[in-house]
Amino acid sequence: MTEFKHFKHFAGAVLLTAGICATSFAHAETTVVVGYQQIVGPFVTAIADGRFNAAAKEAGYTIDWRQFSSGGDISTALASGNVPIGVIGSTGTAAAATRGVDLELFWILDNIGKSEALVVRNGSGIEKPQDLKGKNVGVPFVSTSHFHLLVGLEQVWKVDPREVNILNMKPPQIIAAWQRGDIDAAYVWPPALTELLKNGKTIADSEAIGAASVPTFDGLVADKKWAADNPKFMAAFTKVLAQSYTDYNRNKASWTADSPQVRGIVKLIGGDGAGAVEALNLLSFPNADEQASETWLGGGATKALNESARFLVAQKQIDSALDDYRPFVNSNYAKEASK
């Protein structure tokens, strides 16, 4: 979930505001910085309960967890050599790869589906997507939400995006602008989405738009060279991912608002227990064997990146697309973790 304006400048202010130190991960150090976002799921629970830290320690590493407000900031940090592993949406991954970031998508964090939605504020006068003409709509640029908002407008609802005042805002900024009455609608994900629905309603979501175009997902990406140079860490990290996803899919009924799993999510990314459970139910989390299949890392993810890149070119957000995004998808870690 990323941002075009920040992505075009790989150094400087973005890194400073993100609080990233100048030390590069390329040095032979045992500390590895991992960037994550405010996205619910088994990944965040495994951060909170220490499973990743324990596995990393056994492999000889210490993880420095950094929360970022957008995938655009993570893309910038990845490109600048400060963060070797991070969470980026499918659209942001396509943009980063196109701009020369030598990354590899190695895990599908979630299939977005209903968890990203177009919400309109009560009293805005918007009843259907066609009513967005002339209205202020907040969305994080280069995010999967931004991608589906533009796809929805242009391809599904036949509305010229230029007739809508689309504003580049990160989730916390969207909430503040919504509460001030500065925006009429927003396309975003929980916990911001949950907050907006207290005074608004959904008129479209990424499940419906994805069915009419291409699905979107959040993914974990790694610097390709760093991953190749640190196989013990990658194996340990992906094994925890596989275990945490299996645990969720087998026992998700027990992930209630007061459960330790959900409390861990709330502690790390904010919101409340009930909202986190609601957000979890809007997403799907493929197990390791499904990760490695043709549905995702074995083919489907490459198709999504190819189509996302072509769309970004059409929207003049990137100059040109690569011929093929297959080199930026690696299913081997998921395959090993599924054994």
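A pocket is here an open set of grid points, at which a 1.4 Å probe fits, with protein on both sides within 12 Å along at least five of seven lines, and its lining residues are those with an atom within 4 Å of a point. In the predicted model examined here, the largest pocket is lined by 15 residues. Of these, Pro191, Thr194, Gly270, Gly271 and Asp272 lie nearest the pocket centre. The space within the largest pocket amounts to about 170 Å³. Two or more lining residues are contributed by each of α9 (192-196) and α14 (273-282). Classified by residue type, the lining of the largest pocket comprises 8 nonpolar, 4 polar and 3 charged residues.

Helix packing was examined for α6 (residues 90-98) and α16 (residues 300-314), whose axes come within 9 Å and cross at roughly 75°. Helix α6 is therefore roughly perpendicular to α16. On the α6 side, the contact involves Ser90, Thr91, Thr93, Ala94, Ala95 and Thr98, which meet Leu305, Ser308, Ala309 and Leu312 of α16. The contact of α6 with α16 contains 5 nonpolar and 5 polar residues, and no charged residues.

A further site concerns Tyr245, a residue of helix α12 (residues 231-251). Tyr245 is classed as buried because its relative accessibility is 0%, below the 20% cut-off. Beyond its neighbours within four places in sequence, Tyr245 is in contact with Pro42 and Phe43, with Trp107, Ile108 and Leu109, and with Phe285, Pro286, Asn287 and Gln291. For Tyr245 and Asn287, which are 42 residues apart along the chain, the C-alpha atoms are separated by 5.7 Å.

Methods: Residues are numbered from 1 along each chain as its sequence is written. This is a predicted model: local features need pLDDT of at least 70, side-chain atom pairs count only at pLDDT 80 or more; totals for chains, interfaces and linings use all residues. Side-chain values use heavy atoms; hydrogens and water are left out. Axes are lines fitted to C-alpha atoms, for helices over the stretch in contact, and angles run from 0 to 180 degrees between N-to-C directions. Helices (H or I, at least four residues) and strands (E, at least two) are DSSP runs, numbered from the N terminus. Angles under 35 degrees count as roughly parallel, over 145 as roughly antiparallel, 65 to 115 as roughly perpendicular and the rest as oblique. Contact means heavy atoms within 4.5 Å. Ala, Val, Leu, Ile, Met, Phe, Trp, Tyr, Cys and Pro count as nonpolar, Asp, Glu, Lys and Arg as charged, and the others, Gly among them, as polar. Buried means under 20% relative accessible area, exposed over 50%, partly exposed in between (1.4 Å probe, protein chains only). On a 1 Å grid over the protein atoms alone, a cavity is a set of points where a 1.4 Å probe fits but cannot get out, and a pocket is an open set with protein on both sides within 12 Å along at least five of seven lines; lining residues have an atom within 4 Å of a point. Grid points are joined across faces, edges and corners, and a volume is the space filled by probe spheres set on the points.
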